[in-house]
Amino acid sequence: MGARLSVGAYAQTPYFLAELKQNIYCIEELCYCIRNNVFLVSEEVLEEPLANWLAEECLLAELSEDLLTLSKKYQKHRQKRESKEAGRELAAMAMSLIMEFASFYDRETVYSTIRLYREGSPRELYEQQARRLRQLLWEGHWLAAKTGLRALLDRLEELQSREGGEDLSGLKAALWHNQAVALIRLGRYSQAALCFEKAYSLDGNEDSLEAYLASRRRQMPQQEYLDWLGGQPQLQEPAARLEHRLAKAREDWQGSYKKKTLDHLRELRKEGRPGEAWEQERVMLRQIKEGCREALSR
């Protein structure tokens, strides 16, 4: 990635973007927030305090003046209670102005961001972000994926809390499920169980329910799990399906090449030849543990 020259000054006092609950210190950070949260920051870019901050802290007087002009027009629209489309267009103009002034993104990215705001829906943007986070997850960047998924879920909650917000339950359910998968990979089974349960409550997906049960089974002693399950009659059938899957997995394991190899390596250790076996055994055990976590997170 090539170096980019910063535009304006780095602020001594940050500007707080209320919708994102985030401080920014320069116009480049503002551009990043617009690019990744265009539906949340759209109205904030038209607020007079932001324009003043850009002039006073970032020394971008010319940009500030243009934004103040748009802000005044926006306030008139609000006072007259004119159409939302007019205010939406002013927000699009303000965001385009900021991004083009900073030159932080190429023109195609600026154009696609503004086009998404004008013609698209919040779901399109957040589904795109969700795909990127799922890719992180499958590449093994579990902590980064977990952090990103949590932040995206917070943004969706904020967006849906607005009046007339789009129903994003299906997308949120998928994100909660992926968050649980990341937690499973990190060995945090109790937290994962709560996330699987949340995912199931949103869309009723049986995969999330079964994964929830598997997580509870993993974190509890056997008798405690059975006692808990006994008080949940609605979970008896999915729990039986889970047990069937686990029994099949145990059966497959007993006849597998890996199991036979592992038994052979253990015999080598018993015969006093640990040096030959230890390294191979450790590698195999790591692979087996990873396979178990992967099976649990499906």
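## A look at the whole chain

The protein chain has an accessible surface of about 17400 Å², and 50% of this belongs to carbon and sulfur atoms. Such areas come from the Shrake-Rupley method with a 1.4 Å probe, and for residues only the protein chains shown count as cover. Keep in mind that this is a predicted model, where local features need pLDDT of at least 70, side-chain atom pairs count only at pLDDT 80 or more, and totals for chains, interfaces and linings use all residues. Residues are numbered from 1 along each chain as its sequence is written, and side-chain values use heavy atoms, leaving out hydrogens and water.

Here are some values for the chain as a whole.

| Property of the protein chain | Value |
|---|---|
| Radius of gyration (over C-alpha atoms) | 26 Å |
| Box filled by C-alpha atoms, along the principal axes | roughly 80 × 50 × 30 Å |
| Distance between mean positions of the 45 positive and 47 negative charges | 5 Å |

A compact globule of 298 residues would have a radius of gyration near 19 Å; that rule is 2.2 Å times the number of residues to the power 0.38. For the charges, Lys and Arg count as positive and Asp and Glu as negative, without His and the chain ends; their places are NZ of Lys, CZ of Arg, CG of Asp or CD of Glu.

Of the 298 residues, 40% count as buried, meaning under 20% relative accessible area.

Methods. Buried means under 20% relative accessible area, exposed over 50%, partly exposed in between (1.4 Å probe, protein chains only).
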